[in-house]
Each structure stands twice: as C-alpha cells, then as structure tokens.
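Hello,

Here is the structure I promised to pass on to you. Please have a look at it first, and then read my notes below.

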Amino acid sequence: MMVSAEELKSTDVRRRFDRFAPVFDNADFVHQVTRDGLLDRMAPLTIEPRVILDVGCATGAGSRLLAKRFRKSSVISVDLSLGMLRKARAGRSRFSRVRELQAEANRLPVPDQSIDIVFANLLLPWIDDFGTCFTEIARVLSEDGVFVFSSLGPDSFSALREAWAATDGGHHVRSFPDMHDIGDALVQNGLIEPVLDVDRLTITYDDSSALMKDLAMSGSGNCLSGRRSTVTGRRRFEAMLNRLGDGRIALELEIVFGHAWGRGARPPAGEFHIEPGAIGRFGRS
C-alpha cells in the first residue's frame with residue numbers, strides 16, 4: 001500500500017504528545033480559543049446527555065468544562081497519548097464524573113449508540129482517514145446524539161508553509177481540508193444535518209524563537225510520513241526562519257467549527273446533500 005507524504009506517523013504523534021504533556025497547558029492558547037468557541041456554539045442545543053466522549057482530550061480541560069455544564073452526565077476523556085491522560089487525571093478531583101480512556105479515534109472501544117455527545121476539539125488535524133473516523137463516531141452516537149468539533153482550514157500556517165517551501169521543498173507543514181470537504185465527508189459516512197462555519201485567528205509572536213517554542217510545546221511538530229529522514233540542519237532551519245521575516249511574526253489560522261447529528265441511515269455511495277442555507281447557522285430545526 002502506498003503511503004502519502006501527507007499522512008501522519010501515529011507512533012510519532014503519540015510520542016510527541018507524551019513528551020510535551022507536562023508543558024502542554026503552557027502553550028494551549030489555540031486549544032482554549034477553539035474549545036471556548038465550541039462550547040459557545042453548543043449553547044442552543046437542547047440535549048440532556050448521559051454520556052459524553054471527549055475525543056482527543058489532551059490534558060482534559062474540555063472534559064472538565066463539559067462535566068460542569070452537563071452535571072448529570074458522565075464524561076469519558078479519550079486520547080492516544082498516555083502522558084496526556086495522566087495529566088488529565090491529575091487535573092481532576094477524585095469524585096469527578098470524568099474518566100480517562102486511551103484509544104485511537106478510529107477505533108473507539110465503546111458500544112454502539114452509547115454516546116450522546118462526541119466532542120472533538122482540534123482532533124481532526126491529526127486524523128488521516130476522515131471516513132473511518134466519522135463512521136466510527138456515527139456508530140457510537142445514540143439516537144439524536146451530536147458530534148461537535150473544531151478543525152483547521154487550508155489557510156492555516158500559510159506563512160510557515162511558504163517559508164519551508166522556499167527553503168527546501170520538503171514536507172514540513174500539513175495541508176488541511178476546507179469546510180465543504182469536511183461537510184461532504186460527514187454526510188458520506190453516516191452523520192446528518194451538518195452545520196459548519198469558519199473563523200480566523202491571528203497570533204503575533206515577538207520573534208521566530210517564540211513561535212517555534214510554542215509550536216513544540218503544543219505538540220505541533222512534524223509527524224508527516226514524507227518528512228526528511230535526516231535531521232534538519234541548522235543552516236536550513238535558519239534560512240527558513242529568515243524567510244518568515246525579522247521581528248514580530250503573525251501566525252494565521254483558519255478555524256473550522258461544526259456539528260452533525262447521529263441519526264439516519266448512511267446514504268448510498270456518491271449520494272449526499274448539504275443545504276447551502278445551513279452553513280453558518282448552529283441549531284437544529
């Protein structure tokens with residue numbers, strides 16, 4: 001089987017997040033912004049969940065907020081990284097209704113139709129196969145359950161991507177699907193009535209060192225299968241930084257927010273439909 005240069009090495013992803021779990025909360029500004037955006041967009045939902053799955057939970061901040069908002073629910077924090085789950089467990093009280101589970105998003109060890117909300121804050125940028133992931137989420141969602149997520153759009157990290165491309169042409173920064181591709185994949189794989197919207201976030205760093213430190217601490221290193229097998233030399237790395245510019249650096253992110261519902265038969269292959277008027281609204285009629 002041919003492996004795309006854009007695919008991720010899951011073992012590298014897990015090791016990277018294990019390594020940076022102790023300091024992740026010091027560089028999770030983007031996760032905070034997208035998490036708060038998701039929680040705000042959930043406000044109109046009229047749902048009383050019994051069980052919530054927080055997939056890609058990182059250090060568990062989202063899980064704790066979900067347990068606080070939905071006080072009658074149990075929350076399962078799921079992550080590939082054992083280091084992240086240990087940090088999540090240390091951050092909750094002994095009597096919390098949150099529990100941790102190490103698993104891959106594409107293979108969730110929970111029964112069919114047993115979850116009322118699947119919450120995924122910036123999980124999708126780390127997923128190669130949206131089809132398998134969305135099918136698995138559709139499997140575990142209960143009738144009238146909802147999948148709520150944030151992701152990154154194609155304009156994210158554009159300056160960093162261009163700087164690397166001008167330096168050596170190697171695979172350093174991943175490409176991300178746009179909102180419509182994500183919506184199509186949701187419907188094709190058993191989820192219904194998707195609603196998506198896009199926001200933009202600009203983060204300004206004093207210099208390139210601050211940017212690279214933040215990326216490293218948040219686990220956002222190069223885990224692409226097509227990356228160079230040798231260590232990036234200092235001269236090449238500095239050439240890339242020079243192309244980013246001197247002084248303050250603005251990092252642009254395109255944030256995709258969305259939700260979809262879990263009831264409904266999977267449509268035949270190639271048949272799917274999204275109402276254009278639904279884009280940008282949050283709520284269910």
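**What I found**

Threonine 59 counts as buried, at 4% relative accessibility; buried here means under 20% relative accessible area, exposed over 50%, and partly exposed in between, with a 1.4 Å probe and protein chains only. Its place is in the loop between β1 (51-55) and α3 (61-69). Helices (H or I, at least four residues) and strands (E, at least two) are DSSP runs, numbered from the N terminus. If residues up to four places away in sequence are not counted, threonine 59 touches Ala21, Phe24, Asp25, Arg64, Met84, Lys87 and Ala88, where contact means heavy atoms within 4.5 Å.

Before you go further, a word on the basis of all this. This is a predicted model, in which local features need pLDDT of at least 70 and side-chain atom pairs count only at pLDDT 80 or more, while totals for chains, interfaces and linings use all residues. Residues are numbered from 1 along each chain as its sequence is written, and side-chain values use heavy atoms, with hydrogens and water left out.

Next, please turn to phenylalanine 257, which lies in strand β7 (residues 249-261). Phenylalanine 257 is buried, with a relative accessible area of 4%. Leaving aside neighbours within four places in sequence, phenylalanine 257 is in contact with Thr34, Gly37, Leu38, Arg41, Phe149, Ser150, Val195, Leu196, Asp197 and Asp199. Phenylalanine 257 and methionine 179 are 78 residues apart in sequence, and their C-alpha atoms are 8.6 Å apart in space.

Is glutamate 136 buried or exposed? Glutamate 136 is buried, because its relative accessible area is 12%. You will find glutamate 136 in helix α5 (residues 130-140). Its contacts, again leaving aside neighbours within four places in sequence, are Ala105, Asn106, Arg107 and Leu108.

Glutamine 113 has a phi near 50°, a positive value in a residue other than glycine. Glutamine 113 sits in the loop between β3 (98-102) and β4 (115-121) and is exposed, with a relative accessible area of 55%. Glutamate 193 also has a positive phi, near 50°, and is a residue other than glycine. Glutamate 193 is found in strand β6 (residues 192-205) and counts as partly exposed, at 38% relative accessibility.
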